[in-house]
Every structure is written in C-alpha cells, then in structure tokens.
Amino acid sequence: MKSRLVALGLLVVLAVSACGQGAAGQARMPAADGPAPAPSSSAPAPDRGVDPCTLLDPNDRSTAGINVLGVAKEINGARACDWTVPATFGVTITVDEKNGLADLEVARKTATKTEVGGREALKVADKKAADGTCAVLLGMGEKASVQIDVSNTNFTDTPLACERAVTVAGLAEPKLP
C-alpha cells in the first residue's frame, strides 16, 4: 500500500508540476542556437552534477514537441526542470542523486522494467487510472536516478503520455553519466 502511495505521489507531483505552470509563465523557445534557460532563484548551483535543464537541447525539444524553455526548480531537494506546452502536456525531468532505481518505491503493478539506450529503466503508468500521466525512471548508477514525468493537460490518453515519456527519456539518456 505504501509503495502504491509513493507511486501515486510521484504522479501527483508530476501533474501539479506539469499543469501548475500557466502559459503566462513560459518563454517561447529561441532559435536553435539560442541561450540555455536561466536557472530560477530557487535552483541549486549549476556545479552540482547533472543539470536537468541541459538534458534537452533545442533539437531534442523540437523532436519531443516541446516549444517552450524549461524552468529550473527543486522537488523534494532534487534538481528538476519543467517544460509546460500550453494546453497540451508537461514534462518534468528530475535528477535524484540520492536514490537509485532499487531505492525508489514504485507499485509493482504500475511499473514495467525496460531499457533506454542500454540503461536499466522503469516505465510507470497506472493503466486503470487512465489519467494521462506516465513516468520513465532511468538508473544512473547505484545511488542516483533520473525521472522523466509526462502529464497530458487534459489528464487523458495515458498511452500518449507514455509515448512522450519514452521519447524524452531516449533523448536525455545519452547525456547522462
């Protein structure tokens, strides 16, 4: 029951972070050679490992259908970056440097073991809830992970959310240590 609550909590964080950003808070994506997104005042110093906002370059964002810049944030002490495509979907990438895949509590019935770029991963979606959310969790060594959360704005079409999460995971994975 606890693990189901943790997985549900992960999806709730995703939904809140992906949909809590309004269109007014988003900048339009610059040309392909434009500057990287500026970290928010609450973002940790950039010298602390992987910066989630750099995991999707302009070409990656275009491939994933993301036409906005990422917004740096912190989720439960972990660095994250949030991209919200108004009226469509949101993506949050979180770099957790304290918990590897084995440390994450995920409900078994919502998780499917997979690989992304040869890296151990989990795809997490509650098909019965059909809430338009999906996550791909990538292992990054024994004690770290990267979580790609996707939430469709209308909270429907979970398979589409998973397709988007897998696409983003495939684009971000080669940039991980």
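Me: How many of the eight residues of strand E2 (residues 78-85) are buried?
Reply: This is a predicted model, where local features need pLDDT of at least 70, side-chain atom pairs count only at pLDDT 80 or more, and totals for chains, interfaces and linings use all residues. Residues are numbered from 1 along each chain as its sequence is written, and side-chain values use heavy atoms, leaving out hydrogens and water. Strands here are DSSP runs of E, at least two residues long and numbered from the N terminus; buried means under 20% relative accessible area with a 1.4 Å probe, protein chains only. E2 is largely enclosed by the rest of the structure because its buried residues number eight of the eight.

Me: Which residues point the other way from Ala-78, Ala-80, Asp-82 and Thr-84 in E2?
Reply: Ala-78, Ala-80, Asp-82 and Thr-84 point one way from the strand, and they are buried. The residues that point the other way are buried too: Arg-79, Cys-81, Trp-83 and Val-85.

Me: Which residue takes a positive phi in the hairpin of E2 and E3?
Reply: E2 also pairs with strand E3 (residues 89-96), in the antiparallel sense and over seven bridges. Three residues lie between the strands, and the one with a positive phi near 60° is Ala-87.

Me: Which are the edge strands?
Reply: Seven strands form an open, antiparallel sheet in the order E1-E2-E3-E7-E6-E5-E4. E4 is joined to strand E5 (residues 119-124) by six bridges, and Ala-111 has Val-124 as its partner there. The strands that pair on one side only are E1 (71-75) and E4 (111-116).

Me: Which residue lies over the face of Phe-89?
Reply: A charge sits over a ring if NZ of Lys or CZ of Arg is within 6 Å of the ring centre and within 35 degrees of the ring normal. At 4.0 Å from the ring centre of Phe-89, the residue is Arg-164.

Me: What pLDDT does the protein chain average?
Reply: pLDDT is the predictor's confidence in each residue, from 0 to 100. In this chain, 73% of the residues score at least 70, and the average is 79.

Key
Pairing = 2+ DSSP bridges. Helix = DSSP H or I, 4+ residues; strand = E, 2+ residues; numbered from the N terminus. Buried < 20%, exposed > 50% of the residue type's maximum accessible area, 1.4 Å probe, protein only.
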